[in-house]
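Dear colleague,

I am passing this structure on to you, and below it you will find what came out of going through it. Please read the notes with the structure open beside them.

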Amino acid sequence: MSEKPGSPFSRRAVITTFAATAGAAAAAGGALAAGGRDTAPPRPSGTERRTEPFHGKHQAGIATPQQRYAIFAAFDLETTDPRKGKRLTTEQAAANFQRLFQGWSAAAERLTQGRPPGPMPFARPEVPADSGIADGLEPARLTVTFGLGPDLFKRIGRERDRPRRLSPLPSFDKDRLEAAWSGGEMLVQVCGDDLQTVSRAFRTMRSRAPGVARLRWSQQGFLGMFGDSTPRNLFGHKDGTANPRPGTPAFDDAVWATAEEPAWFSGGTYLVFRKIRMDLPKWDTSTTRTQDQTMGRRRDNGAPLSGGHEFTTPDLRKTGPDGKPLIPADSHVALVRNVPMLRRSYNYDYGFQALAEPISAEHDHAEGADHDHGEDMPEHSGGGHSSYDSGVLFCAYVRDPAEFVRLQRKLDESDRLNAFIEHTGSAVFAVPPGVRPGGHVASALFTTG
C-alpha cells in the first residue's frame, strides 16, 4: 500500500491490504468450517520442510517451482534525510541503497534457511528483531527475490550500468492504471508454501527500510495445490501451459539476460508485473462456449480448441464444419503463442472494496462474444464496474521487456479477453543475478567499472 505523504490512495490501500489479509484468513478457515472440524488440521507433509538455496548464479524465486503464496512489494529510496530534512545527494542515496541491500540480503539468506533474520539496523535494544509470527514454522520453500526499477539508476548515480533493456513500460490504450499499484524503484518478491512464513519475511524486509526507503505498494497472491499440474487462474483456465521448462535451452533463451548486457547483470533477467482485474460476475454468467472461445482453449483440460491435449500445439488453420477456424483469430491463445516468457503469476481476491471508485464506465464486448453475463446483477448496476476486486498478479520473466510490449500492443487491439479484464497496475524491474556467499544482491553494481 502507498505510504507516500498526501497520497490520495493511502486510505484505499489500507482497505485493500486489510481485505487481502482477511481474504487469506477466510480461505484458510473455510475448509474447517465446511468440514465441521473443531481441531486444527494436520500439517501437510513434504514441501513445508524444504528449503530453497539463497546463493547461486541466479536469484531463487524464478526457476524455482512455483510456491502457493506470494507478496510483491515495491519501494522507493528516500529523497531526504529523515532527521535533517535535507535532500540527499546522489552519493548518499547510493550509500543508502547499498546499506539496504546488505541488510535485506542478510535477512533473506537467514530466513530462507530457517533461521532468525538477525538484528535490525538502528533499532533500540528493547525492540525485537523479529515479529515472532512464524516461530515454530518451517521455511516452507521460502524465497526472496529482488528487482531494480528504471528510475533507480539515476538516483544512485549508476546510469551507465543500467541494464540496456530496462525502461518504463508505455501506456496501453486499454490500461486503467492506478498510481497506487504502479512503478517503483525496488521490488521485493516473497514466495513460499506457508502464508504466515511469507508474511513474516515481508515484514522483515519492510522493518529494515525506514529512514532509507519507503513502501510504495504491495500485493498478495495465492495458488491452489495443483501439484505438477498447470495452475488455474480465477477464470478456471490453466495459466502457464506454454512455459519453458527450467534447465532447458528454451528456458535460458527466454528468461536470462543476453551477453549484450552490462557485465554485472550477467545471470539476471527482467520482471514485467501487471495487476489485472477480472470481471468475475460477467465471466461467471457467460456460456462455456464464450469462455473457451475467448481463451482459445477448453477450460476442463486446457487443450486447444483445435484438438489434442493441454500441450498439443494449437492449430490456427484447422476449421470446423462451418468453415470457420476452431480457434478464433482474436482468442487469447492465438495472439500470445510463440512469445517466449516465463509466466509466474498469482491469483488475488481482495473482496468487496467499499471505497473503490469505478474503473471504467461501461464494458466493451469482444466481437462475436455472447452477451449473456447478467447485466441486471447488482455488480453491474448504474453502468459502472464492479467494486469487487479480484484477478491475477501477472508476472512474466523475460530476457527483453520489449517482447512483452510488442505482445501487449497486439492484445490491446483485438484480444477477446479485453471484455473481461482491466489492467490496473504496471511495473517493470531488472532482476540482478544471484548472490555469492558473503555478498549481497546487486553488489557487483558498485564493484565493476
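Searching the whole structure, which is a predicted model, turns up 18 aromatic pairs, where rings of Phe, Tyr and Trp (its six-membered ring) pair if their centres lie within 6.5 Å, with planes under 30 degrees apart counted as stacked, over 60 as edge-to-face and the rest as tilted. One of them joins Trp283 and Phe420 edge-to-face, at 4.9 Å centre to centre and with 85° between the planes. Trp283 belongs to helix H6 (residues 280–284) and Phe420 to the loop between helix H9 (401–414) and strand E9 (421–431), so this pair ties together parts that are 137 residues apart in sequence; helices (H or I, at least four residues) and strands (E, at least two) are DSSP runs, numbered from the N terminus. Trp283 is buried, with a relative accessible area of 1%, and Phe420 is buried at 3%, buried meaning under 20% relative accessible area, exposed over 50% and partly exposed in between (1.4 Å probe, protein chains only).

Phe75, Phe97, Phe101, Trp104, Phe146 and Phe446 make up one aromatic cluster. Beyond four places in sequence, Phe97 is in contact (heavy atoms within 4.5 Å) with residues including Leu77, Leu148, Met186 and Phe446.

The buried residues of H2, among them Phe97, Leu100 and Trp104, pack against E1, E2, helix H3 (152–155), E3, H4 and E4. Just after H2, Gly114 has a positive phi of about 85°. At the start of helix H4, a side-chain oxygen of Asp194 comes within 2.9 Å of the backbone nitrogen of Gln196.

As for confidence, the chain averages a pLDDT (the predictor's confidence in each residue, from 0 to 100) of 85, and 81% of the residues score at least 70. The pLDDT is below 50 over residues 1–45, and it stays under 50 over residues 356–385.

Residues are numbered from 1 along each chain as its sequence is written, and side-chain values use heavy atoms, with hydrogens and water left out. Local features need pLDDT of at least 70 and side-chain atom pairs count only at pLDDT 80 or more, whereas totals for chains, interfaces and linings use all residues.

Conventions
Polar contact = N/O pair within 3.5 Å; in protein donor to acceptor, adjacent residues only side chain to side chain.
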